[in-house]
Amino acid sequence: MKLRLVFLVRFPLLVAIAFCFGCMNLGNSVSRKAIIEDRVHESKVFQEERHYRIFLPPDYYSKTDKRYPVIYFFHGFGGRFNGPADGESSVSAEARYYDEFNGNVKRCGPDSLDNIAEFVRNNDVIVAKWDGYVKEQYPRPYDIGPVQLDIQFTEYFKEFINIVDRNYRTIAKREGRAVSGLSMGGFTSMNMAAKFPHLISSASFFCPSGGFSIGPKELQVFTPMKDMKINYVGLPIRMHIGKNDFLRQYHYAIDKAFKKYDLAYESWQYGSSYFNGFHNVVNVKGQFDFHMKNFRNPTARPEKWHHIDVFPNFDVWGYTIKSDREVPGFVILEDIQKEGFKISSRKWLPDGSPIANQTIHILTDSLYEIGKNYQVVRTQSPYSKIVEQTVEANEQGRINITCDGTPTDIGIYQKEDPGLLSMSGFKMSDDMPEFGKELEIAPILFNKGGQNLSNIRVELISNDANIKVLSLPDTIDYISKTSIFTKSKFKIIALDPNVRSVVLKLKLKYNQNSEIFRLEVPFYNSDFELKSFSIADGNYFQQEASSTEDSFFGKGNGNGIIEAGEKISFLTQVDNNPNWYGLKVYTDDPFVDSDKEEMKFNNRNDWSGAMRSTSEIYIKPTCPDGHVINFYGEYDYPAIGDIRRDNQAATSFIKYKKRVSFKVKVKNQKTN
């Protein structure tokens, strides 16, 4: 391994020690400064030299028996590991997250003590800042949105941790690590935390971007972090939100999603009285104190965890997942514990159609007795059949299981093990529920353990004032082992026409067990009936910041008429704006093949990383001539304003979202 010290931003070590001994009578103003070192190492991941900056407590080199936790900090757009030099301009004002106050209030903020170096000066912690520099894309870091070179910083994160642990006296384990970052670095912090919860104890985000296209170059897909919320179960997280931040709409969406899911999450908002509420690293002390608290009292590994991953192959919490997936999408693991788990694969989040045509290999953690036989029982959507097999734990105490991307619930047990209930899924009386109408929900309960179960209490709970549960708790007398039960039914009603989705809790109590499962129920309420729209069946449309290729929608004869056997999209205009805005559409019509639905993602013209989503739906060839399909659709469009990136609070970054209903009549090509 090649490692060299480029320079010390403060003093070289020996000079600093001599200076401190010679100037003790001058007090602590000099000796108590943080030590800042810039280093270079040879990266095996990138096959090149990479830079990083380290902040060390003032007494790091004198207290040689002391170890320190590490906060890994990720810079944003236009930044580097060391930030722009003093007085140097920055394309994105990235220098507003600063290492040390330099007297420039506009650039650094009004608080001379609110910075990384000051925090490290007063706390026993190391801060490590890597370099997200990608030469071909600078000032855009991290090779995301889109992925152009297949430079994966997720792989580099593991290498970077090892570099820091080898060269500094760190607490080299999960309990001694945290991640944080600004803007694109805030998104990167969210991404690293979502992918590697087993490597860190907490995560924080300063004004993060809400989503980017990430993953392997050929399989990259837009990944909205608000829809990755299940990854953060059991991991303390915190977000800072500026009320005038140009990205604030994305922050509020993340904030709302995280709070609905009962995560170990907190947020802090600042307004015009605090650095104008702008996009920035502010209140470093508050954010980093959060990490220090979790270093002192780290959370244990969750007994039950969840994970979504954009990569077809990955490792998390001792589990190894490999698949032969050849299309963009996500692997989704839920309710993972020794007794089993659920697994599925989707084309997009949160409600993409399954990717069934793949083989997924799951190698569990070392949780089982070596050489012992276990029963693996499973049921797949639509959960009408149960399959059981005997497997042997390998020489590492791990079990191999193979499945496809169809939603599957898997139990692992030995014959003497007790029964275990899982909620494999749920059925609704209406696939497209609306405000004000009663909806019946039937949870699909699967006893995937080794014994029969009796006297089971089932309760559906709403913590949302907009949703009322109309049914009392139910008691189930008996569910035999390796069987499915669907007779418990609960009625709910939405009280607010603006509700889009709600997270409900299903509580199961039996024997000494108490289990909570979450159900996310969407609602399809229309603001108005859409009268003016265009049908794309192989057509080009002008969209903001889109290339000609990106603006091509649908597959058919291009005549703008919906016909059987075609793949189509719907687009509309707003206020005579020349741009077309695509609709994300939903329908329960039997002549729309949901398995063949695709989603087109096009870049927004606001540098946020967010993308527009436009459905491409497939009309079955068997659809009769003249058949009318009812659609529910969503689209958004930007407010009119100054779109300059450095114009904080610019209204251009606000998106108005509309929910509409409309009808189309299908023509059958055979009758034309």
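Modeller: Here is a walk through the aromatic pairs, one ring at a time. Keep in mind that this is a predicted model. Across the whole structure, a search turns up 45 aromatic pairs. Let's start with Y72 and F160: their ring centres sit 5.7 Å apart and their planes meet at 70°, so this pair counts as edge-to-face, the label for planes over 60 degrees apart. The two come from distant parts of the chain, with Y72 in strand β4 (residues 70–74) and F160 in helix α4 (residues 153–167), 88 residues apart. Y72 has a relative accessibility of 0%, so it counts as buried, and F160 is buried too, with a relative accessible area of 0%.

Next come W130 and Y156, with ring centres 5.4 Å apart and planes at 20°, so this pair is stacked. Here too the pair links distant parts of the chain: W130 belongs to strand β5 (residues 126–130) and Y156 to helix α4, 26 residues apart. W130 is buried at 0% relative accessible area, and Y156 counts as buried at 0% as well.

Now put those pairs together. Ring pairs link Y72, F160, W130 and Y156 into a cluster that also takes in F46, Y52, F74, Y142, F153, F157 and F196.

How values were computed
Residues are numbered from 1 along each chain as its sequence is written. This is a predicted model: local features need pLDDT of at least 70, side-chain atom pairs count only at pLDDT 80 or more; totals for chains, interfaces and linings use all residues. Side-chain values use heavy atoms; hydrogens and water are left out. Rings of Phe, Tyr and Trp (its six-membered ring) pair if their centres lie within 6.5 Å; planes under 30 degrees apart count as stacked, over 60 as edge-to-face and the rest as tilted. Helices (H or I, at least four residues) and strands (E, at least two) are DSSP runs, numbered from the N terminus. Buried means under 20% relative accessible area, exposed over 50%, partly exposed in between (1.4 Å probe, protein chains only).
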